[in-house]
Amino acid sequence: MATRLRRPGTRGTAYWAGSAFAAVLVAVLHFLVRADDEGWMTDLRVYLDGAHLPATALYTTPLGPFGLLFQYPPVAADLFALLPRDTPDAVAVGWNAVSLLALQAAVWSCLRLAGARRSVRAVAALAAAVASPLLEPVENSLFVGQLNLVLMALVACDLALLPRRAQGVGIGLATALKLIPGVFVVFLLATRRFRAAATALGCFTAISAVELVRRPVETAHFWATLGIAPRGEAPENLFSRSAWSALVRATHGRADLAVLRTVLFGLIAVLVVLLVAAIHRRTRSTSDAVVAPLLAWALAADLLAPVAWAHYWVWIAPTLVLCCRWAWTLRSPGWGAVLAAVVAAFTARSQWWEVTPYREALALSPVELLETSALPAATALLLAAMAWAAGRAPVHPAPADAAPACA
């Protein structure tokens, strides 16, 4: 009997075609449920409208229903100028489908860095794309039409899929689109991946130089006003979830407690850095040597940022996938309880229980302070649990297609 041959790559093509279908389906369902809510696609509208403004007005014209300003480097305007403006609903669904595929690619890449088998990666990545909208950061990113899921995929795929000589290109591109991913250049330096860090900086510099030539007015204005915080970005804002914002709200912004706030934040920062260092040290000789410190670094950056909106925390999705893998191998009830508490914090949307959005954020009750600090508290708990669990899970031999070592 003749042997039936399968063309190389057919299975992978079918998988990603099915993944694209699932992403579109979830994006359509999200559109049907949320499109009538106030704030739908707020950020995407700003991107699309800003991309078509004259050069002199890109960073000074209030955009969208809330009068927000375009805050990204000029190259981001070039990206969104490629999208049509006359079919906003179709663009919104399409953008969210791309974002969900990016989320899936990020989870796939993180599991590849962890040495997971291809079948595990496939199931976990597809499940994450379908279930992750239950997490507040992912749903919020989809709701406002943010860029963060795509940026996360660029960083994760950079370290997991690119050959060693090209690593850093994805991080450089992500930083050129939005400066926040520049924290991963510091991650490369801290983990002694100097070549990748140089590549990331070179890619970012090259893109910025091209933009300076193509759009000199916008580029000059962006860098000249970089240190000016846009309105609405005060740390006490209820939608900011950083540790600093939690401390400002807890002390009601009192000037006489500024030193106390600074000392407490310094202690938190030291503790977080020690936890990330412990995760790096304890996983150094395991298959999680790259991915665990990377995920911990991403969450720590959100926790210690001056202001961190809910959609900044999208890295929680691949982190929870990795932690579930650890829980499966550790069989620890305590570890499972921690994961359950973290998932509850990131899905409960406790901010909306008692606190009315946009009210005076410096007059919150103790209960309201706890509700609005659920994400930073859960993140600190997860980092501590990761530091404990790192290196304890059994290490399985990496499959043949596992990611190469990043050096």
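View 1. The model is predicted: local features need pLDDT of at least 70, side-chain atom pairs count only at pLDDT 80 or more, and totals for chains, interfaces and linings use all residues. Residues are numbered from 1 along each chain as its sequence is written, and side-chain values use heavy atoms, with hydrogens and water left out. Cys 203 is buried, at 17% relative accessible area (buried is under 20%, exposed over 50%, partly exposed in between; 1.4 Å probe, protein chains only). The whole structure holds 0 disulfides (a disulfide is a pair of cysteine sulfur atoms within 2.5 Å). Cys 324 is in no disulfide; its nearest cysteine sulfur belongs to Cys 323, 7.3 Å away. Cys 324 is partly exposed, with 45% relative accessibility.

**View 2. Helix α14, residues 291-304.** Helices are DSSP runs (H or I, at least four residues), numbered from the N terminus. The 14 residues of α14 reach 20 Å from first C-alpha to last, close to the 20 Å expected at 1.5 Å a residue (1.5 Å times one less than the number of residues). Of these 14 residues, 11 are buried, so α14 is largely enclosed by the rest of the structure. Among the buried residues are Pro 293, Leu 299 and Asp 302.

**View 3. A nonpolar surface patch.** Phe 21, Val 24, Leu 25, Val 28, Leu 29, Leu 32 and Val 33 form the patch, with about 680 Å² of accessible area together. Leu 32 lies in helix α1, residues 10-34. Leu 32 is exposed, at 60% relative accessible area. Patch members have over 30% relative accessible area and no salt bridge; nonpolar side chains (Val, Leu, Ile, Met, Phe, Trp, Tyr) are joined within 5 Å, like charges within 9 Å. A salt bridge puts a side-chain nitrogen of Lys or Arg within 4 Å of a carboxyl oxygen of Asp or Glu. Accessible areas come from the Shrake-Rupley method with a 1.4 Å probe; for residues, only the protein chains shown count as cover.

Note on methods. Helix = DSSP H or I, 4+ residues; strand = E, 2+ residues; numbered from the N terminus.
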